Every structure is written in structure tokens, then in C-alpha cells.
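Subject: Structure for you to look at

Hello,

I am handing over the structure that we talked about, and below it you will find what was found in it. Please keep it open beside this email while you read.

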Amino acid sequence: MKCRVCRGPAVIDIRRHNAGFCTEHFVHHCEEQVRRAIKDHHMIEPGERVLVAVSGGKDSLALWHLLVTLGYDADGLYLGLGIGEYSHDSGAAARAYATTQGVKLHEVDLSADYGYDIPAAATATHRAPCGACGLSKRHLFNAVALERGYDVVGTGHNLDDEAAVLLGNVLRWEAGYLGRQHPVLPAAPGFARKVKPLYRLGEREMAAYCVLQGIDYIVDECPMAAGNKHLGFKDVLNTLEDRSPGSKAAFLFGFLERGHDRFVADAGEERDALGECAVCGAPTPGEICAFCRLRQRAGALDVDAMPVELRRE
Amino acid sequence: MLLRNPKREVEIEGPLTVAALLVRLELNPESVLVICGDTLVTRDARLAHDDTVEIRSVISGGAR
């Protein structure tokens with residue numbers, strides 16, 4: 001197979017584009033897709049500071065690398081989840097990347113800083129660990145961005161992630177979630193802007209990008225994610241993609257172009273009804289936000305024992 | 001042919017193409033990268049009998 005651009009030997013084929021690329025032109029392709037995503041959706045304005053949510057995996061390290069390559073002021077935030085060897089190795093990958101590239105990595109440790117970890121939270125809530133993990137990440141990436149003066153939180157959600165989430169939302173017609181599923185969630189009181197600059201690139205492309213750029217990411221999957229619904233949706237979509245290349249991109253991009261606007265009002269109604277958490281001040285539809293309730297259930301926060309004056313008005 | 005990642009050793013007679021290897025292993029080409037030695041290879045690349053090949057899963061499933 002030859003590179004679509006220079007006709008030299010290709011190192012990767014992308015079936016939905018019916019094209020192969022050599023290393024140089026594949027890297028250029030990735031940069032162009034990210035540049036286009038940022039421009040089309042006004043994700044990052046000149047001079048803005050970006051906080052990249054870094055897991056040590058391929059997508060977040062590729063995103064960080066691409067943003068810095070494209071000239072953005074992007075630092076990383078790694079969240080220690082307390083998932084045994086996986087957390088040890090993923091943290092090491094994130095730190096090694098930051099050291100090698102000379103970029104700034106912030107770290108927050110759930111156990112040391114908030115008194116619980118993901119296995120403990122999953123046990124306490126009797127729910128899948130991915131729920132507690134996602135909740136903790138959404139809360140803390142946003143909170144750290146606001147505290148430390150970042151304008152934007154960048155996450156490594158790729159085309160496959162977004163298509164799988166879309167499938168899950170459509171299967172249950174989750175109108176509010178469909179209204180919020182977008183490459184950009186604008187800033188609002190208590191929320192930094194959240195962007196997904198990789199949404200035009202598949203996860204196979206992101207893994208290839210890391211291999212070709214010499215980015216040493218953690219290859220092993222989180223052991224607590226095994227068998228979750230999201231992986232099942234990806235499996236279904238990849239079966240479709242194998243039979244009909246381009247299906248995932250058509251599904252996601254078609255929704256963004258022709259379906260998303262129909263659900264915006266549903267998302268708006270939920271966001272309009274938010275107040276402030278009595279404990280931490282984060283936006284919440286109830287008295288106490290989901291993150292503080294999670295800490296409470298994991299035994300890391302005793303709201304009832306807090307003096308009333310320490311609770312926020 | 002020696003397959004790495006996930007850790008296993010499978011002896012497969014070469015030569016054969018990457019596409020044929022993935023069919024033989026019942027793997028979806030969308031879900032993996034194929035690395036021969038230190039080099040990424042496309043689905044039409046021919047693999048020799050004494051090649052060491054890594055089939056690397058690209059699927060992430062955790063919360064972000």
C-alpha cells in the first residue's frame with residue numbers, strides 16, 4: 001500500500017478514508033484533523049490556557065502532544081485513582097512523558113487528597129467502578145481548571161468513544177445527554193469550557209500516532225473496565241465498521257450536523273436548574289453534589305458532622 | 001511467527017498477509033494495530049515465517 005500523498009510506502013491504512021499514509025503524512029493528517037476540530041468549534045482561542053486530562057493512555061498523551069505541537073499552552077493533570085498496578089504504571093507513563101517533553105504535569109491523588117479511591121467507591125456504592133471513576137474525573141478536572149486559572153479542559157475522547165456514547169444514548173433516548181454530547185461544552189458558572197479535539201480521529205489512529213511519534217503510553221486497559229457497556233457498544237460499532245467502513249464517522253458526524261440541535265433544549269433545562277453544592281460549591285441540581293455524595297458514601301466525608309458554618313451558603 | 005501482546009506465543013506458518021493473519025486469528029482489523037519488529041504495517045503487508053509480530057489492541061473502555 002502506498003501513501004495517498006507522496007506515493008511512498010504506507011505504514012497505516014485507514015479504511016474509512018480508503019487511504020494509506022506514510023509516517024510524515026499520517027502525522028500531518030492527525031494534526032490537520034485536530035486543527036480543523038478546534039477551528040470549526042472554536043474550542044481554544046489564542047492566548048487561552050488548556051488543562052489536558054491525562055490518564056497515561058494513548059488518547060490523552062496524543063492529545064497533549066498534538067496541542068503542544070500546534071502551539072497551544074497546554075499543561076496536564078493526572079488523577080491517581082488507586083487502581084493498583086494499573087494506576088502505578090499509568091502514572092509513571094504520564095510523568096515520563098512530561099519529563100521527556102519538558103511539559104508541566106499537575107497531579108491529584110484521590111486517596112491522599114480526598115480520602116477514597118475507585119475500588120473503595122465502587123464497593124461503597126455497589127455500582128460499576130467506571131461510574132465512580134467518571135464522576136470523580138469530571139468533578140476534579142473541572143475544579144482544578146477553575147482553581148488554577150485554566151480556560152479550557154481538554155479530554156482525549158476520540159471518534160470511537162463518541163460514537164459508542166452516542167449509541168448508548170440513542171438506545172435509551174437520553175435526551176439530556178444527547179443535547180450535551182458535543183465536541184464543545186461551553187463555559188458556564190462553575191464550569192470551565194470542555195473540549196474534545198480528537199473527536200474526528202479514531203482510536204486506532206491515536207494508537208498509531210503514539211507508536212509513530214515514540215510516545216510510550218500504557219497499553220494495558222484498566223482492569224476495572226473489563227466487560228463494561230461502553231466496550232460492548234464499541235464492539236458492535238467495530239463489527240459494523242468492518243462490514244461498511246465509514247459507518248462510525250457517518251453515525252457521529254451525522255448526529256452532530258443534523259441531530260444534536262434537536263436535543264439542546266433538553267440539556268438546557270437540566271443545566272438551568274443547577275444550584276451550588278452545600279459542601280464544595282460545585283454546580284448541582286440538589287443540596288449536595290454527586291462528587292461529595294460519593295465521598296460521603298465511601299466514608300471519606302461526613303457532612304452531618306460538619307459544623308453548619310463550614311457548609312457553604 | 002511469534003505473537004506478542006496479549007502475551008502469547010502462536011506458531012503460524014508464513015508467509016501470509018496481515019489481512020490473512022487477522023482473519024486467521026478472528027480479529028477485527030478496526031480494533032488492532034499490527035507491528036512487525038518495530039514497524040507498523042498495513043493490511044496488505046506480507047509477513048515472513050520468522051517474523052515477530054505484535055498485535056496491539058487499540059480499544060479503551062474506561063471512564064474519561
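Helices (H or I, at least four residues) and strands (E, at least two) are DSSP runs, numbered from the N terminus.

Please bear in mind that this is a predicted model, in which local features need pLDDT of at least 70 and side-chain atom pairs count only at pLDDT 80 or more, while totals for chains, interfaces and linings use all residues. Residues are numbered from 1 along each chain as its sequence is written, and chains are lettered from A and ligands numbered from 1 in the order in which they are written.

Which residues of H3(A) are buried? They are Tyr86(A), Ser87(A), Ser90(A), Gly91(A), Ala93(A), Ala94(A), Tyr97(A) and Ala98(A). Just after the helix, Gly102(A) takes a positive phi of about 70 degrees.

Among the covering elements, E3(A) is itself mostly covered, since 5 of its 6 residues are buried. E3(A) and E4(A) run parallel and are joined by 6 bridges, where strands count as paired if DSSP finds at least two bridges between them. Within this pairing, Arg49(A) stands opposite Asp73(A) in E4(A).

Turning to the whole chain, chain A holds 13 helices and 10 strands, and buried residues make up 43% of its 313 residues.

Finally, there is the contact between the chains, which takes 35 residues from chain A and 20 residues from chain B; two residues are in contact if their C-beta atoms, placed from the backbone, lie within 7 Å. On the side of chain B that touches chain A, strand E3 (32-36) and strand E4 (39-40) of chain B each supply at least two residues.

Best wishes

Terms used. A residue is buried if 20 or more other C-beta atoms lie within 10 Å of its own, exposed if 12 or fewer, and partly exposed in between; C-beta atoms are placed from the backbone.
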